[in-house]
Amino acid sequence: MEKITTHTGTALPMRRSNVDTDQIIPAVYLKRVTKTGFEDALFAEWRDDPKFVLNQDDFRQATVLIAGTEFGTGSSREHAVWALKDYGFKAVIAPRYGDIFRGNSLKNGLLTVELPTEAVEWLWGAVEADPTLEITVDLVEREVRAQGRTWEFEFDDFARWRLMEGLDDVSLTLRDEDRIAAFESDRDAWRPRTLPV
Amino acid sequence: MSRTPQTAEGTRPRTLAEKVWDDHVVRTGGDQPDLLYIDLHLLHEVTSPQAFDGLRQAGRKVRRTDLTIATEDHNTPTDNLFTIADPTSRKQIETLRANCEEFGVRIHSLGDAEQGVVHVVGPQLGLTQPGMTVVCGDSHTSTHGAFGSIAFGIGTSEVEHVLATQTLPQAKPKTMAVTVNGSLPEGVSAKDLILKIISITGTGGGKGHIVEYRGQAIEELSMEGRMTVCNMSIEWGAKAGMIAPDEKTFAYVQGRPHAPQGEDWDAAVEYWKGLGTDAGAEFDREIVIDAAELSPFVTWGTNPGQGVELSGAVPDPVSLDDPAERSAAENALKYMGLEAGTPMRQVDVDVVFLGSCTNGRIEDLRTAAEVIKGRKVADGVDMMVVPGSARVREQAIQEGLDQVFIEAGADWRFAGCSMCLGMNPDQLTPGQRAASTSNRNFEGRQGKGGRTHLVSPAVAAATAVAGHLAGPADL
Ligand code: SF4
């Protein structure tokens, strides 16, 4: 996986809370069996509205999405993360996320960071006033910087290390294969198996 | 080292969740999250193709095909058994079949008695048992927590990880108790209870926690009811929902195809009996609810936390203090085409959907059939009944429930996810309003522009007859 350290880019203000995964990518777009090519599906239903922020010329180049709280609640569809990445987003800033979405984002190198509501509101205002404003999301220093201001964010140490090193989970886990095998040899015999009965 | 759920004397009392967790830890400590062993991995066509691709690219196998099982549900047709008209839907199902064949995974395809919504199939086969870890690339995996297992939804990268290693690295969540004291009043169901809980906590209230539902009202629920409650844990953001296994749980599991037998059964039950939360164990948080105060509950908005009593009215956003909630409510009312102050019972519907992994089990069909028996679906209302699995459908037919629905004028369908998410042709058209026994009322969830009110099976049936949101007592 590509190593993630810091990203700087312009931002798109999405003044909404509870942007669920069905909005990020509606179910009809989940039928594809590939991992890429979802850019047209991102916010597909809202994009019919010409006033929707994604349709505004000012924000077409944005690579940082700034959203309200509970971003990405709902389903486990990793397609939501793939769609955001395919469209060109590298980072998301929101007060809080749906758990599964957050986990998925970090597995795909989409940097999702949490800032308090006040910071998000300040950033919305600043970006709307000046869409060319550049925002830096710095995983190394664990801070967001814009217009001379700095906000720190918390980030799980292990997830951060994995992202910065570009490590993939399966290889990491397989380093402990002997322990997995030991655990397996010790499982109770009555545990169910899916083999046909 | 033999595992036991009994907490050693002199050590800290533990919760149900901690016991199940502790017994599945492959590796702990250091700066990495715990590595958990996974007892059961459920697959369906939507979230698995890219995971199998990943395995192929890395030249890996499925580590434990004997702990893995697949079914077809999200894209399946419900108006006929075999013909998937949409080529992309068909391709996805065919891809799952090919992957299962290539990697040696058991699959239940269309036409098979065990085909159906993945969370209905696991319990009906007896594969879901107490004290397990269960995962699936689907957020409603929390359903299986009703048996006293840790069960949660995962993304496609994690699906690949479990296929390759049968484990998952997981940070240990906090624990929370939702204690429901007293008995549910007559006519109040598990669905009403969970909708009420979500309206109290909001969509993010359970974040980072494994929730244990407990108390008299929970103990009194059937296994189906417990599954309904645990199913919607994700709708208030919880990592998982669980209920301590008891005699009801054991009776439900016993005799199913994959239940332990003979001596194995005795060993399993002994283990299961030790799983309950120890006296004196502490939860990180607790919510207490008085069951006696509950009544049928429905949603008015576009997230499952936006709910109100059926006897209530559409709330006025102005009455909400929190600015984010207020603007969410304003958006929701606009999308839903509702005026503040309208009594919920005056909300007319076009469609009634009975089904899904929340309320598509046999008991749900029985409850709805009882309400609708001898009555007619109102003019201008389409009622669609979609059993959770082919086996549920069979059983319903044996009990004559299909005839009850058909005589009432409802549409009796084949099993699948159907209108719960509208990946197949079962979708609302723009502006159509549905009363739905599913779990999500998100914008467009059941079809572009469609408007969803989440309800219990009894309210769904009564609504179909009345033509507006209603309970059985209103008929
Ligand atoms: S019935 Fe609905 S919620 Fe359940 S698995 Fe299918 S789509 Fe998901």
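# A tour of the chain A and chain B interface

Select Asp99(A) to begin: this residue is partly exposed, with a relative accessible area of 29%. The model on the screen is a predicted one.

**First stop: the partner of Asp99(A)**

Lys207(B) and Asp99(A) form a salt bridge, with their closest N and O atoms 3.2 Å apart. Asp99(A) belongs to helix 3 of chain A, while Lys207(B) sits in the loop between helix 6 and strand 10 (209–214) of chain B, so this pair joins two chains. Lys207(B) is also partly exposed, at a relative accessible area of 22%.

**Second stop: the whole interface**

Colour the two chains separately and display the residues in contact. Chain A contributes 56 residues to the contact and chain B contributes 85 residues. Between chain A and chain B, an area of about 5900 Å² is buried, and carbon and sulfur atoms give 52% of that area. Next, select Lys31(A), Trp190(A) and Thr194(A): together they supply 14% of the area that chain A buries against chain B, more than any other three residues.

To see which elements of chain A take part, select helix 1 (21–24), helix 2 (79–87), helix 3 (99–107), helix 6 (169–174) and helix 7 (177–185); each supplies at least two residues of the side that touches chain B. Helix 7 of chain A gives the largest share of that side, six residues. By class, the side of chain A that touches chain B holds 19 nonpolar, 13 polar and 24 charged residues.

Remain with helix 7 of chain A and select Glu177(A) together with Arg63(B). Their side chains meet in a salt bridge at 3.0 Å, N to O. Glu177(A) lies in helix 7 of chain A and Arg63(B) in the loop between helix 2 (49–58) and strand 4 of chain B, so this pair, too, joins two chains. Glu177(A) is partly exposed, with a relative accessible area of 39%, and Arg63(B) is partly exposed at 23%.

For a pair within chain A, select Glu143(A) and Arg145(A), whose side chains meet in a salt bridge at 2.8 Å, N to O. Glu143(A) counts as buried at 17% relative accessibility, whereas Arg145(A) counts as partly exposed at 28%. A search of the whole structure finds 42 salt bridges over all chains.

Domain 1 of chain B brings 42 residues to the contact and domain 2 of chain B brings 38 residues. The area buried between these domains is about 3100 Å², with 57% of it from carbon and sulfur atoms.

Three salt bridges cross the interface of domain 1 and domain 2 of chain B. Select Glu309(B) and Lys196(B) to see a salt bridge in which the closest N and O atoms are 3.5 Å apart. On the domain 1 side, helix 3 (87–103), helix 4 (118–124), helix 6 (190–201) and helix 8 (223–231) of chain B each give two or more residues. The largest share of this side, six residues, comes from helix 6 of chain B.

Select Asp79(B), in the loop between strand 4 (68–71) and helix 3 of chain B. Asp79(B) is exposed, with a relative accessible area of 56%. Beyond residues up to four places away in sequence, Asp79(B) touches Arg413(B) and Phe414(B). The side chain of Asp79(B) also makes a polar contact with that of Asn80(B), at 3.2 Å.

Finally, select Phe82(B), placed in the loop between strand 4 and helix 3 of chain B. Phe82(B) counts as exposed at 57% relative accessibility. Leaving aside neighbours within four places in sequence, Phe82(B) is in contact with Leu110(B) and Gly111(B).

Terms used. Residues are numbered from 1 along each chain as its sequence is written. Chains are lettered from A and ligands numbered from 1 in the order in which they are written. This is a predicted model: local features need pLDDT of at least 70, side-chain atom pairs count only at pLDDT 80 or more; totals for chains, interfaces and linings use all residues. Side-chain values use heavy atoms; hydrogens and water are left out. Contact means heavy atoms within 4.5 Å. Buried area is the accessible area (1.4 Å probe) that two parts lose on being put together, summed over both. Helices (H or I, at least four residues) and strands (E, at least two) are DSSP runs, numbered from the N terminus. Ala, Val, Leu, Ile, Met, Phe, Trp, Tyr, Cys and Pro count as nonpolar, Asp, Glu, Lys and Arg as charged, and the others, Gly among them, as polar. A salt bridge is a side-chain nitrogen of Lys or Arg within 4 Å of a carboxyl oxygen of Asp or Glu. Buried means under 20% relative accessible area, exposed over 50%, partly exposed in between (1.4 Å probe, protein chains only). A polar contact is a pair of N or O atoms within 3.5 Å; within protein, one must be able to donate a hydrogen and the other to accept it, and residues adjacent in sequence count only if both atoms are side-chain atoms.
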